[in-house]
Amino acid sequence: MDKSKRLFLKSNRSFRRRLSPIQSGNRINYINMSLISRFISEQGKILSRRVNRLTLKQQRLITIAIKQARILSLLPFLNNEKQFEKSELVARTIGLRIRKK
């Protein structure tokens, strides 16, 4: 069979529809922190729709809710505590090396 004809053939893989992580009873709101925190990475970034397995409408609502929570200071804009601790340790060790000379 030609490669050009092969592209249009239907694949034999079965499609399994995944359940949405948001149930119908959950309201997407900036106050619902337990729901919102599931869609934020460790660094404080909003996870993509592909990773979250959300619909387009749900992802938009989650994004708006996260941004509202950040503005009202319920969530931090950045969560870089680990980076801050590492840079602090590096600065301390550099300072110690300079003093010993």
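Student: What does the side chain of Asn-52 reach at 3.2 Å?
Tutor: The Asn-52 side chain reaches the backbone oxygen of Leu-47. The model is predicted: local features need pLDDT of at least 70, side-chain atom pairs count only at pLDDT 80 or more, and totals for chains, interfaces and linings use all residues. Residues are numbered from 1 along each chain, and side-chain values use heavy atoms, without hydrogens or water.

Student: Is Asn-52 buried or exposed?
Tutor: Asn-52 is buried, because its relative accessibility is 6% and buried means under 20% (exposed is over 50%, partly exposed in between; 1.4 Å probe, protein chains only).

Student: Where is Arg-53, then?
Tutor: Arg-53 is in the loop between α3 (49-52) and α4 (56-71). Arg-53 has a positive phi of about 60°, although it is not a glycine. With a relative accessible area of 42%, Arg-53 is partly exposed.

Student: Which other residue has a positive phi, near 55°?
Tutor: Ser-73, which is not a glycine either. Ser-73 sits in the loop between α4 and α5 (81-100). At 61% relative accessibility, Ser-73 is exposed.

Student: What volume does the second largest pocket have?
Tutor: The second largest pocket has a volume of about 190 Å³, the space filled by probe spheres set on the joined grid points.

Student: New topic. How many residues are in the largest nonpolar core?
Tutor: The largest nonpolar core has 11 residues: Ile-22, Leu-35, Ile-36, Phe-39, Ile-40, Leu-54, Ile-62, Ala-65, Ile-66, Ala-69 and Leu-75. Helices α2 (33-36) and α4 each supply at least two residues of this core, and α4 gives the largest share, four residues. Such a core joins buried Ala, Val, Leu, Ile, Met, Phe, Trp, Tyr and Cys through side-chain atoms within 4.5 Å.

Student: What is Ile-66 in contact with, leaving aside neighbours within four places in sequence?
Tutor: Ile-66 is in contact with Ile-36, Phe-39, Ile-40, Ile-46 and Leu-75.

Student: And Arg-70, buried or exposed?
Tutor: Arg-70 is in helix α4 and is buried, at 13% relative accessibility. Not counting residues up to four places away in sequence, Arg-70 touches Gly-44, Lys-45, Ile-46, Leu-75, Pro-76 and Phe-77.

Student: How many helices and strands does the chain have?
Tutor: The chain has five helices and zero strands, in the pattern α-α-α-α-α along the sequence.

Student: What share of the residues in the chain is buried?
Tutor: Buried residues make up 18% of the 101 residues in the chain. Among contacts between residues at least 6 apart in sequence, 52% join residues at least 24 apart.

Key:
1 Å grid on protein atoms, 1.4 Å probe; cavity = no way out; pocket = protein on both sides within 12 Å on 5 of 7 lines; lining within 4 Å. Polar contact = N/O pair within 3.5 Å; in protein donor to acceptor, adjacent residues only side chain to side chain. Contact = heavy atoms within 4.5 Å.
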